[in-house]
Amino acid sequence: MKIGRIHKVNKVIAQSILLGLPTMALVGWFIYTGNNYYSILENNFISQTIYFSVGLMGAFIFYAYKFRFVTTTIVLALLLSSIYAGIKNIATGEFDAFFASVHFLIFSILFLIGWITGYGFSRSKIYTIFWTLFLCACQMILVSKTSDIKATAIITAFIPVLFYTFYIIYASALIRNAQDSIHGLTWYFSKRITGFFSLLLLLFIALFYLFQPEFKAIEKEWGGGQSNEGEKGGGSSKQQSMTHENEDGSVSNNNSMSLGGTLGKNKKLVFVAHLDNFFPDSITPNPLYFTSDYYTKFDTAIQAFEIDSLMPDNDLFKPNPSKIPLYFAKTDTSVITHSMASLDRQVVNAEVYKVLLSPDVFIAPATAFFCQPIGVPPEFKEQYKSAYRAKMWVSRLNSAYFIYNPAGNQALEDFQEERFQQLRSITNYNHIDKNFLSYYTSMPSNSDYDSIRILAREITAHAQSPIDKIIAIRDYFLSKDEFGQPLFAYADNAGIPGLPSASKLNYFLFSSHKGYCAYYAGATLFMLRALGIPSRVSAGFITINRSNKNPGWYWFYEDQAHAWVQVFFPGYGWLDFDTTIPDVNTIQSPQPDGTPPLNLQQPYFVADGKIISVDTLHKMINLAVNKLLFHDENFTSSIPVNVKLNIALASISRDTGIVTIQSLKENMHITAASYAESLKNILAQKGDSMASVIKKIIQPVPVDEIKIIDDVMQKNQKQQSNQEEKSFNKRQLIKILGVLALLLVLLILFFPFIIWFFFDMQARTAPPGNRKAFLINRSLHFYFNQFGYSRRGMSPYEFALSIDRQFGTKIITFSDLYQKMKYSNQESTLEENEWLRPFYESTKKIMKEKFSLSKRINAFLKLNRTFLFFKNIKTIHYE
Amino acid sequence: MNNDNHLQEAMEKIQALVENMGTVIKGKQPQAEFVITALLAKGHILMEDNPGTGKTVMAKTLASSISGNAEKGGTVFKRIQFTPDLLPMDLLGTNIFDDIKKEFIFKKGPLFCNVLLADEINRASPKVQSALLECMAENQITMGETTYKLENLFFAIATQNPIEMEGTYPLPAAQLDRFFLKIHFGYADDATELAIYKNYLDIQHHLDHIQQVLSLEDILFLQNQAEAVYIHPELITAVRNLVISTRVNPDISLPASTRSGITFLKCLKAFALVKGRQYVTENDFKTLARPVLHHRLIFRTKDAKDKLLEMLLDAELNRLNKLAIQAEPA
C-alpha cells in the first residue's frame, strides 16, 4: 500500500499550519452559516467543524506515509457506511435510530470531505483548484439562502473565500514544491507567504479603490447602503424619479417601494402624518388613504395602465414641497373644481413629516389643494428631514374604514352599509361629460379583455347600481370555492412598480388567484371599466390607526405602500374602494409608534431670498429678501431688501437633511424662519411695504431655521454632471480596460519577439569581449530555439554541428571559441574578439535568407518554445 | 612559451597516434580518442559490443602503436584471451620450484606488462576477474607474502561481449569501477562499412606493419601533460552537481561515488588534451559523462537506465549554457 518516500515531519507540520488551519477556519465558518439555514445540522457547528478537522489532519498524517489513496479511502468509506448501516439496525427506538444515523451521516460526510481534502493538499497538484471551486459553490448556495441580498453582504461573504482561494492554491503549491533538502524551511515559508499576503492585500486594496465608485453604485442599486446620510438617499431618489418618470417610484426615495411588492416587507418608516379628520364625535380618528398618483390611461405598448398627466379633469395636486420656500404656501383651488364633487365635502388639514420619503414628493389624502412646507421641531430634526402642511377637499364618504374590506367586522359593515345606501341613489352615468366617461371607461378589446368582461358581467349579474357592482366585485375576491377554501389569496411576489399587465392579470384572475394589491386593484379596474363605471387606480399608502395615545397621528411604513381603485360618483366625486383581500402579514406593522412631532412653533418672520454674504465667524448672513412672511402676512417686493440675519442658533437644512454652516454660500437661495419671541410684539401696520416692515425689526434678526433651496437648474445640472461624469468614467474605464487587455494580448503575442529584440540588441551593442560572446551565444540559442532547434540533450558542439549542417553557418567555430573564452584560463586574443561581430551579423543574414518572413513571424509566435527556453530542467524529482 | 611547446609536442604525438590507429581501423575515431583518453588519464578502458565489431583490432592497434622493442624505449604488450577455465595464476604468474637453486622462484605472468589486452573479460570466472582488481587499482600484485610492483605504465584494455550473451559472467560493480571508461563500439556507418569490405585484406597487412609512434617516455610525458590541463571551477561544480544528482534520484539504487567524480575530472582533462586543448569544455563534459559514469550506476528501471543519466546531464548543461562567462579566477 505504500509508494515512494515518506514526507518529512516539518513538511507535515507546515501543511497542518499553513493549509490546515485556514481551511478549518473557513469550513468552520461555512458550517456555522450552514447551521443557520439547514435544520438538519442541528446547530452544533463546533463538533461538525471538529469532524472535518479530524478528517483533514488524519489524512495529512496518514498520506504523509505515502499510502495509496483510492484503496485506503474506499476502505474508510466502506467502514463508515457499514457503521451507518449498523446504527440503523441496532438502535432501539425508531426515533433514536433516525437521529443517531443522521448524526453519524453528517459526521461521515464531513469526515470524508476532510479526509479527501487532506489527501488532496498533501498529494495532488490540482486538487486545490477543485476544492476552492467547491467552496465557492458552497458559498454561493449559502449566500442565496440569505433573505436580503445586498452588495455589501455579497462582498463580505466572498472576499474571505477569494482570499482563501488565492492563498491556498499558492501555499499548497509552495509546500509541495519545497525541497526537503532546504534548510530553514520555516523561514522559507514565512518569507514567501508574507510576501504573497502583502501582494494579495495590495491587490485587493487597489481593486477596492479602483472600483470604489462602481462599488458604491452597485451598493445603491442593490439597496445595500441604506445609510443615514441624507445626501445619498436624496441622490438615489432623484435618479429614481428620472428613470421611472414619476411612476410609482417617486412615492419613496427607495427603489424597493413598489406597489406593495415583496420588497415592501421592509419595515422602514417612510413618513408620519397627522390628519385632522375625525368622526362627528370629534374623538374617534377617521383615517384616510394617502394618494400620490393615479393610473388612468391604458398603454397598449405595455398592455397596462399608467400615469397620465393629461387626464381629463385632473384633480391631482402635485407640487414639489422642496421647491416651495419654508412656510410659503402653494395652493391650487382648480383641483376642487376638477374634482366635480359638491356633495358631502369638507376641508381637512394634514401634516406630513418625512423620514424616508423623497423631499420632492407630495403625498396627501385625495383632492389636496394646499401645500405649505413647515419647519420640523428642533428635537425631531434628526428623525424627520422635512415636513409640510396640506389641506384637502375630502368627501365625508371617504374613510379608510369605508374602503377597508370589512372582513366580518359587524360595526364596520354597518358603517359601510350606511354609506353604500347613500351611494345607491346613483344608478347610472347618463348625465356626465361623454369625454370624461369614455376616458375613464376606456379599455381595449381583445380576447384577453373579453374574458375579463365576461367575468365582470357574471359576477355583477344581480347588481343594479354601480355601488352594488363594486360590492359584488369585492365579494367575488372574498368568495370561497367549493371546498370552503378562500378562492383568492394574498401573495407577495416581486413586483415591478406599476400595474401588472393584462396577461398577468388574466393569469391572476383565472389561474393563480394569488397576488398583491396591484393585482387586485388592476383586476378590479378592468372589471369596473368593462361594466362602464368610470374608475382609476390610485397609488399611495394605506392608513392604519394604531395610535390610541395620539389620535389623528398615523405612522406609515414601507409595507403600507398600496394600490386601490377610485370610482367616480356624480356629485360625490372620486371615492376610494379597496378590493384587496386582507393579508395579516403585510398590514400589521409591529413597530410601536413613536412620539408625534408636535409643531407648536409659530414663525413670526420668514424671509426668502438670496444670500449676499456669509460671515461664518460671527455666524451672520446678509440676505436679499424677495418674499417675506411676517405674522402670516405675505409681503413681496420687486427690489430685494437686505436683512442681516443672526444664524448662530439656526438649524440649516437641505432637502436631504441637516447640513453645516459651511454649506451656506453666496448667491444661494434660502428661506430663513424665526420663531423668536422678540418678534411677537412687532406687528405690521396696514399699508406697510416689505421694506418698512423690515425696518421695524431689530437687526440682526435671530433665525431659528434656514432651508436651502436648490434651484431646479442647479439641481439638474449637478445631476447631469454627475451622470455624465459617471458614464464618462464608465466608458473611460471600459476603454482603459479594453486597451489594457489588448496590450496584454499583444504583449503575450509579441513576448518572444520582445525577448529576441532585447537579446539581439544586447548582443549587438556589447563591447567586444567575453561578455559579447556570452550575449551572442544566448541570442543565437534563443533564435534557433524559436525556430524549433533546441539545444536540449545536446552538447554545444553537437548543437552547433546540427545547425551548421542545416544552414551552412559557422556556429561550430563560434561555439569552440565561446567555450575557450568561458572555460580556459587564457585571455582571448584580439582577432578572436574582432571576429565575433561579423560572425554574428553574417549568421543572422544567413538565417534571414533561409527563412522567409512568414516563417520567421510564425516562429516568433510560438510562445511555448519561449517558455521551454527559459524553463529550468528539474534535476530532483520524487516518485 | 615552454608550456606551448610542450602542448605542441603533445598534440603532435597524439595526432600521430590517432592517425596511426586510423590506418588500421576505420571510422572509429571517437572510440580511438576514448581509448587514448583512458591511457592518458592513467586509467583502464572497457569496450563492450557484439563480437566482430573491431574491439580486439582496436586494442591490438593501440598496443602495436606504442609497443615495440623494450630496449628501444617501447612498451611491453601482452594479450590474454579470457576463457571460463582460466585461473588467476595464469594471469599473475606462479611460484615454480627451481631444481638447481632448490627454491621456489616466481614466474611472472602476463600481467607484468605495460599494455594488457584482456579479451572477452566476462568469459572468465569471477575469481579471475577479481584477480585483475588489485593490479588495475594499485598497480601491484600480491602473491602470498610478496608484493610485486607492476611497471610504471600499466594500461588495461578489456573487451567484453554484452552481458545478455551466453557463457558470460557479469563483471561485479567493484570491478567495473576500476575501468575509467566503458565505451560501446557500435557498427560502422554505411560508407565506412563499404570501405572496409573493399580493403579487408589490408587490415591484417596494416596490423602487421604498424609503426611504433610513441615511446614509453612519450606516454608518461603525455600523462603529465594531461594532468596540467586547466579545468574551470564551474565545470568542477558541474561534475559535483551531476554526481550528487545521481545520489538524490530515487531511480538510481547505486549512485556515483566520490572516486567516480575524481575519475571523471581526470578523464575530462585527458580528453581535452586528446582534443588538442589546454582547457576542458562543456562538450567534453557532455561527451564523457556517459562513458565515465553510466557503467558505475545501477538503475532501478530500464527506462531510467536508458534515459535518466542524459536527463540529469542535460539539466546541468542547461545550467552551464545559461551561465555568463565568469571573471578569471584569481
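Biologist: How many residues does helix α11 of chain B have, and how far does it reach?

Modeller: This is a predicted model, and in it α11(B) covers residues 258–274, which is 17 residues. From first C-alpha to last the helix reaches 24 Å, close to the 24 Å expected at 1.5 Å a residue.

Biologist: Is α11(B) largely enclosed or largely open?

Modeller: Largely enclosed by the rest of the structure, because twelve of its 17 residues are buried.

Biologist: Which residues of α11(B) are the buried ones?

Modeller: Here they are: B:S260, B:T263, B:F264, B:K266, B:C267, B:L268, B:K269, B:A270, B:F271, B:A272, B:L273 and B:V274.

Biologist: And what follows α11(B)?

Modeller: B:G276 follows the helix, and its phi is positive, near 80°.

Biologist: Let's zoom out. How many helices and strands does chain B have?

Modeller: Chain B has 13 helices and eleven strands. It contains 330 residues, and 42% of them are buried. Looking at contacts in chain B with a separation of 6 or more, 78% come from residues 24 or more positions apart.

Biologist: Is strand β3 of chain B well covered or hardly covered?

Modeller: Hardly covered: β3(B) runs over residues 93–98, and of its six residues the count that are buried is zero.

Biologist: Which strand does β3(B) pair with?

Modeller: With β4(B), residues 103–108, in the antiparallel sense and over six bridges. Within that pair, B:I96 stands opposite B:I105. The hairpin has four residues between the strands, and B:K102 takes a positive phi near 55° there.

Biologist: Over to chain A, then. At what angle do α14 and α17 of chain A pack?

Modeller: At about 75°, with their axes 9 Å apart. The two helices, α14(A) and α17(A), are therefore roughly perpendicular to each other.

Biologist: Which residues make the contact?

Modeller: On α14(A) they are A:Y449, A:I452, A:R453, A:L455 and A:A456, while α17(A) brings A:F526, A:M527 and A:A530. By class, the contact has seven nonpolar residues, no polar ones and one charged.

Biologist: What about sheets in chain A? In which order do the six strands of the open sheet run?

Modeller: The order is β4-β7-β8-β5-β1-β12, and the pairing is antiparallel.

Biologist: Which strands stand at the edges?

Modeller: β4(A) and β12(A), the latter being residues 553–557. Each has a single partner strand, so one side of each is left without a neighbour in the sheet.

Biologist: How many bridges join β4(A) to β7(A)?

Modeller: Two, with β7(A) covering residues 368–374 and the strands pairing in the antiparallel sense. A:K330 has A:C371 in β7(A) as its bridge partner.

Biologist: I'm also curious about backbone angles. What is the phi of A:D313?

Modeller: It is near 50°, a positive value in a residue other than glycine. Most residues other than glycine have a negative phi. A:D313 lies in the loop between β3 (304–307) and β4 (330–331) of chain A. With 18 other C-beta atoms within 10 Å, A:D313 is partly exposed.

Biologist: And where does A:K619 lie?

Modeller: In the loop between β15 (605–615) and β16 (620–630) of chain A. A:K619 counts as partly exposed, with 17 C-beta neighbours inside 10 Å.

Biologist: Why does A:I846 count as partly exposed?

Modeller: Because A:I846 has 14 other C-beta atoms within 10 Å, and a residue would need 20 or more to be buried, or 12 or fewer to be exposed.

Notes. Residues numbered from 1 in each chain as written. Chains lettered and ligands numbered in written order. Predicted model: local features only at pLDDT ≥ 70, side-chain atom pairs only at ≥ 80, totals over all residues. Expected span 1.5 Å × (residues − 1). Axes fitted to C-alpha atoms, helices over the stretch in contact; angles between N-to-C directions. Parallel < 35°, antiparallel > 145°, perpendicular 65-115°, else oblique. Contact = placed C-beta atoms within 7 Å. Nonpolar A, V, L, I, M, F, W, Y, C, P; charged D, E, K, R; others polar. Pairing = 2+ DSSP bridges.
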